[in-house]
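Dear colleague,

I am handing over the structure we spoke about, and below it you will find my notes on what came out of going through it. Please read them alongside the coordinates.

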Amino acid sequence: MKNLVNIIILLFSVLFLLSCEKVIDVDLKDAESRLVIEGNITSDAGPYTVYLSKSGSYFDYSTLERVENGEVIISDENGYSEVLNEVSPGIYQTQNMQGEENTNYSIQVVSEGEIYTAEEYLPNKVEIDTMYFEKDEPGSYGNDENTVTYSIYCVFTDPAETVDYYRFKIYTNGLLEEAGFGTYLVTDDELFNGITFPVRFAGREVVPGDTVKIELQTTGFNTYEYFRTVNDAIGGGGMGSTPYNPITNLDNDALGYFGAYNNSASEVVIQ
Amino acid sequence: MKINFLIVFFLFFTQVLFAQEKNTLSGYIKDGSTGEELIGATVYIQELSIGTVSNVYGFYSITIPAGDYHVRYSYIGYETEVDSIDFYANQVINIELKPQSTQLDEVVITGEQSDENVRSAEMGVVKMDVKDLDVIPVLFGEKDILKTIQLMPGVSGAGEGSTGFYVRGGNTDQNLILLDEAPVYNASHLLGFFSVFNSDALKDMKLYKSGIPARYGGRLSSVLDVHMNNGNSKKFTMQGGIGIISSRLTLEAPIVKDKGSFIISGRRTYADVVYSIFDPDFRGNSLYFYDLNAKANYTLGEKDRIYLSTYFGRDKFEFGNFGFDWGNKTATLRWNHLYNERLFSNTSFIYSNYNYKIKAEMSEAVTRISSGIEDLNFKQDFSFYANSNNTARFGFNVIYHTFFPGELTSEGENAFNDIILDQQQAFESGIYASNEQKIGTRFNMNYGLRLSMFNSMGPGTFNTYDSDGSITNTQEYDSWENIINYYGFEPRMSASFLLNEVSSIKVSFQRTYQYIHLLSSSTSENPTDIWVPSSINVKPGIAEQYSIGYFRNFFDDKFETSVEVYYKDMHNQIDYKDGANVLLNEYVEADLAFGIGRSYGLEVFLKKRLGKFTGWIGYTLGKTEKQFDQINEGNWYSARQDRRHDISIVGSYKLSQKWTLAANWIYYTGDAVTFPSGQYIIDGNSVPLYTERNGYRMPDYHRLDISATYMGKQTRRFNSSWNFSLYNVYAHENAYSISFRESEDNPYENEAVQLSLFSIIPSITWNFKF
């Protein structure tokens, strides 16, 4: 819905051909560096990877450091736990662990004498029933009459008895759609709880012969909440609401998230 | 507390009622050419050196001892009339003042008595006669009262081209905007670039920044009271204007000459049609708004008049399979009745409605989203002109609010599940009494008390939340079952003390309550903003404001100056927790955070009222801060509208009978905003790291606009004028927003991108009247 507002503003500005966008210099402060944890446990086969790094200056990527010599432990609700190996600087991996659905997981990270923890639930799988495509009407979605676009439909049945959270990842010929402004496609099931529903990805510029693959991830609530709000953080600073840091399940002021998801995938070839 | 209220109430009534018996001179003051009632015209008894002014219905009443008098009726822009009367019994004198033929020589900003600004107890008040907007340069040539008041000290615009405004640090939803007494819930068109006020249909407006009289209630920061024209009761007239993006047409005519009249005024934008000519791809889509104002009045006899006024406006946006429209509806039925020469009554039935609707057709399903608010309002006001030193006002009103927080429905093969949030209903009521009193020749005061109440009622299921947003209790309520009550005592006071003939000191105090709140998903004016009632979780907002000012006129009242300082405390303010979702969220109250605010500042105003050159300079030095336990680690932070400096310079020069030139220049400190103070990488993307709330500033804003108005041939039957405007003459790229993102061209580089909306914009408007 916030996008809706942006669309209208954009439309209005375009309408009068009056707006002007330019890159400017802004003097930003440098906040104290904080630990960043990014890790997921999934129903796919391991190993599962956890990345430790530090935040840095907004305009200077060289200040972003990986964090070595951390202690990373992932445990499940049944008492199984595993210490992750640092396979390369800042990158930690499991060896034997296998993510199970309908299970709670927790992470503990010790770095520079501080302890960070988080918990997340790995939900049951929801299979994609079918996928199909359809040619869009010419001139839709702000395109001109000559641009041919397609709508890709991904049909699945949402379980009625649970509140479910989804993330979609779209690959064209194996290439993942770049994340950027508002492109982490996450949703809860409020609008389609308990029904078989075709989610439509419209206005895609693909050509016959292209293979479009969709990964349908059922995610834990915290994972959903993180990606929902990271969209706001990445796209923030405009005329939307006051920007804020994404909502994380990590404690002790750590940035990032500890996520869990259950993956199903399907694909369709455009003809 | 209740007892205190009653004591105050009775005290001044006894004083008023036992005042010495005298006779009363009363009547209506009107424009002799159109029959429009004149608001704030002066009646002055020369032998007694006392006077009064007409009220918003043109009615005046003054009680004086018997004698032979000269009574002077005057109003700026009109020829003064002096009547000799033998005054030994109650008398009714209705006066029609003739417009001055030389009126065009003087561009005046208000119609008030020349030294009224110094004498009156009112402070922090902005008055404007809508005619005076004609020459001020404006964006797209659309004159707009909401933009013009932003040129006054203490009032600042909510952004480039926006009709939203902040008054003395208050949020945009803390302004009570009344159109013929009906609250207007969303006063903007097209995301705030235009207001709902079509100036052709309007007569005048008054903005109270402080010392809000007790008869107004419901918002914390200000009251903007706008009156529509009644329509010409003498003859049929038609006026209108054609501009680059919109046109206007107004018809006025008597129903029965001198007894009743009506006015119908419409406006529609057609920028989308123009745009389609240049961009064929846009054809078939639309983006426009229209307004319709209509009003009729009729005099039933010496003592009774009725008025019916309505407003209807809608924005329409259609883009392919997507449709979005929103707008306000208001209707006011008023009955003026004179119980006697001294007791004036007005009874109003008021309807207000705002809603938006979205319709999207996709995937073989039609989805509709809608939300809104609707009011039924009964209002009874009395003015009692007790004697020449006291005018008492008292009355009450009851509003029945229905809130439609939102619903989403869809139908078709691939329909969504519906989301329907429960309607909510509440009574908001107020009872008030106030008195305007002159004590001696130097001291004027206006004091009053308002008792406001809010009763939220079932049916519905309502949750109670703790500060983390977790539900602690859920309760179901039957129809009309009381959910929660709030009430508040709102003392209001303002006073002036005349130091000498040309200068005065004024003080004022007010406490205000606000029981309904606007939840906005964005910082710009937004059609999807929703009004919500106070509830178990949301307490009514409370504000107290203290102000003191020095007023002085120079050179025979040609120049007016004032300096005012104010301090405002605000309680139970609302903001959002991180990640709050305002739209279609059943648990939206769990996403709200509550805190306090304070605002203080200094306003300097210098105005030249008369002569070939007129205009004003307004300067505000201000600070506005908020404190929320859950935001910014509980530390005070600058509100978005915290502007240290705000300067407006407005001037117009009458070059000749034909040409008038005008210019305004605006400068203000950039808004307080939140920018990143770092970054980190997630999933290969740069995520900004935010620390302090509103710890950065947008660049300072400044802009110069100029205009030239050419009066065409003026005959008795037809006259026309051309207005040429240039907005943002030196094309300063003011930042509308600054956003941060990864560079598209260079990996591992971030950039700050400034969006500017309006560069230099010329416009031309042709206005006519016959």
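A residue is taken here as buried if 20 or more other C-beta atoms lie within 10 Å of its own, with C-beta atoms placed from the backbone. By that criterion, 34% of the 271 residues of chain A count as buried. Please keep in mind that this is a predicted model. Chain A has 2 helices and 17 strands, and of the contacts in chain A between residues at least 6 apart in sequence, 66% join residues at least 24 apart.

Turning to chain B, the chain is divided into domain 1 (2–105) and domain 2 (125–769), and the centres of these two domains, taken over C-alpha atoms, are separated by 32 Å. Where they meet, 27 residues of domain 1 are in contact with 28 residues of domain 2. On the domain 1 side of chain B, helix H1 (2–17), strand S1 (23–31) and strand S4 (59–64) each supply at least two of the touching residues, and the residues of that side divide into 14 nonpolar, 9 polar and 4 charged.

Chain B also has an open sheet of 4 strands in the order S3-S2-S5-S6, with antiparallel pairing. Strand S3 (50–53) and strand S6 (81–87) of chain B stand at the edges with a single partner strand each, so one side of each is left without a neighbour in the sheet. Neighbouring strands of this sheet are turned by 20 degrees against each other on average, direction ignored. Within the sheet, strand S2 (residues 42–45) and strand S5 (residues 67–74) of chain B run antiparallel and are joined by 4 bridges, and B:Ile45 stands opposite B:Val71 in S5 of chain B.

Technical notes. Residues numbered from 1 in each chain as written. Chains lettered and ligands numbered in written order. Predicted model: local features only at pLDDT ≥ 70, side-chain atom pairs only at ≥ 80, totals over all residues. Domains from an automatic or database assignment. Contact = placed C-beta atoms within 7 Å. Nonpolar A, V, L, I, M, F, W, Y, C, P; charged D, E, K, R; others polar. Buried ≥ 20, exposed ≤ 12 C-beta atoms within 10 Å, placed from the backbone. Pairing = 2+ DSSP bridges. Axes fitted to C-alpha atoms, helices over the stretch in contact; angles between N-to-C directions.
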